[in-house]
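Look over the sequence and the model before reading on.

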Amino acid sequence: MLDSNSLKDFFYIIRLGLGQEQILDKDTSLFKWKELYQIAKHQSLIGIFVDGIMCLSIEKRPVSNCFLEWVAIAAKIERSNLLQNKVLCEFISQCNHCGYSGLLLKGQGIAQCYPNPLRRQCGDIDLYFGPDQFEDVNKFIRTIGGKESHHENLKHSSWNYKGVEFENHRVSTTFNNKYHQNYFSGLLDESIKKPLKCNIGNSTVLKPSLRFDCIYILKHCVDHFLDQGLGLRQPMDWLQLISTNANEIDKELFVVDLKKTGLYNAAVAFAWIGVTYLGYPVEKIYIAIPEYSALGQTIFDDILVSGNFGHDDLRFPLKNRNVVINKWYGFKRALERSRRFKCIFPEEAECVTKNKIKKIMGIFRAILFSSKVE
């Protein structure tokens, strides 16, 4: 169980790193700095945590050698972002030269919403080329030296190009409810017709419309939350997107989009977390409705334990070398989570359960068939 004072201290530092907190005349000598660092590590927020500490006067910063190690880790995150930005811009330039046009999803595009984009911990690069260009882009990636890093699935193929992980998306995301899917497809069509320009380094790449991203980034958070758990970094991306672009968002239309995609409950709960713990101003995250505080607190408590995509969630067994055992534990976890948090996204939670059952049964059928063949 995390110490309540340490949590308060941690979020004070994170709010400083996000630019959502005034520097207070606060006694930091009693801060349990190593414990705060472990929380930041668990939530994949080390870069922002270090930026927050750097906002403090020198005498209020941690004095141990550990702080120098944390600064070095933050510098490594910065170098990773610089590498991703460089390779991304080079790759997009080559694609454009060969007539392929894609949209940058999530990641490096959303990073530009942060006060210090290079301190946001990066993952892979997601690009949407759509079903019509999907196979051709796969072939193109091979010709320029890309290596397939994971098996292709229905949504995307995975590649390593110049040391950077890419995903070439056939589809951006899917809703199990046909009404939600049709509505979301309309937002995607709008983004393809009117993409936005995003400046990364000295280059410009195309990304989806703000209206699309406000739904898509949230859907990505909810999918991972229901399946395996979520850290603060993912909803923070969505909150930064909304807060940074608050003046450009059509508030009434945003609420309509949330309701017509079934994401309204999740949105107000994450918004409440953002206002209550991360310091986002309520006038920018205006859907932080107090009536949803109980749901928001439940999600928040789970996020604190789950950490980044649930990788370090001690409530579930550590990864086993046996693929089948890993799949079984993943199935059990998704089943438990989709039942427990069904109120957040009822239609998708129900389908998560059905899809997981289909997938696990398929794996066991394949195992039985192979054993019979032998």
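Two strands count as paired if DSSP finds at least two bridges between them. With that in hand, Leu127 stands opposite Asn168 in β5. The model is predicted. Its mean pLDDT is 88, and 87% of the residues reach 70 or more.

**Confidence**

- Helix α3, residues 46-54, has the highest confidence, at a mean of 97.
- Helix α14, residues 346-373, has the lowest, at a mean of 62.
- Where pLDDT is low, predicted coordinates should not be read in detail.

**The five-stranded sheet**

- Five strands make up an open sheet. Their order is β1-β2-β5-β4-β3, and the pairing is mixed.
- The edges are β1 (103-105) and β3 (147-150), each of which pairs on one side only.
- From one strand to the next, the twist averages 35°.
- β2 (residues 125-128) and β5 (residues 164-169) run parallel and share four bridges.
- β3 and β4 pair in the antiparallel sense, over three bridges. These two strands form a hairpin with five residues between them.
- Within that pairing, Lys147 has Asn160 of β4 as its bridge partner.
- In a regular strand, side chains alternate between the two faces of the sheet.

**A helix across the sheet**

**Packing of α2 on α4**

- α2 covers residues 33-42 and α4 covers residues 66-97. Their axes are 11 Å apart, at an angle of about 20°.
- Angles under 35 degrees count as roughly parallel, so α2 is roughly parallel to α4.
- The crossing of α2 past α4 is left-handed.
- On the α2 side, Trp33, Lys34 and Tyr37 make the contact. On the α4 side, the contact residues are Cys66, Trp70 and Ile73.
- Five residues of this contact are nonpolar and one is charged, with no polar residues.

**Packing of α7 on α8**

- α7 spans residues 178-193, and α8 spans residues 210-227. The two axes come within 9 Å and cross at roughly 135°.
- α7 contributes Tyr183, Phe184, Leu187, Leu188, Glu190 and Ser191 to the contact. α8 contributes Arg211, Phe212, Ile215 and Tyr216.
- By class, the α7 and α8 contact has seven nonpolar residues, one polar and two charged.

- β6 (residues 196-200) and β7 (residues 203-207) pair in the antiparallel sense over five bridges.
- Lys197 has Leu206 of β7 as its bridge partner.
- Two residues lie between the strands of this hairpin. Gly201 takes a positive phi there, near 65°.

**Points to check in the viewer**

- Which residues of α4 meet α2? Look for Cys66, Trp70 and Ile73.
- Which residue in the hairpin of β6 and β7 takes a positive phi? That residue is Gly201.

Terms used
Residues numbered from 1 in each chain as written. Predicted model: local features only at pLDDT ≥ 70, side-chain atom pairs only at ≥ 80, totals over all residues. Heavy atoms only, no water. Axes fitted to C-alpha atoms, helices over the stretch in contact; angles between N-to-C directions. Parallel < 35°, antiparallel > 145°, perpendicular 65-115°, else oblique. Left-handed = near helix turned anticlockwise from the far one by under 90°. Contact = heavy atoms within 4.5 Å. Nonpolar A, V, L, I, M, F, W, Y, C, P; charged D, E, K, R; others polar. pLDDT = per-residue confidence, 0-100.
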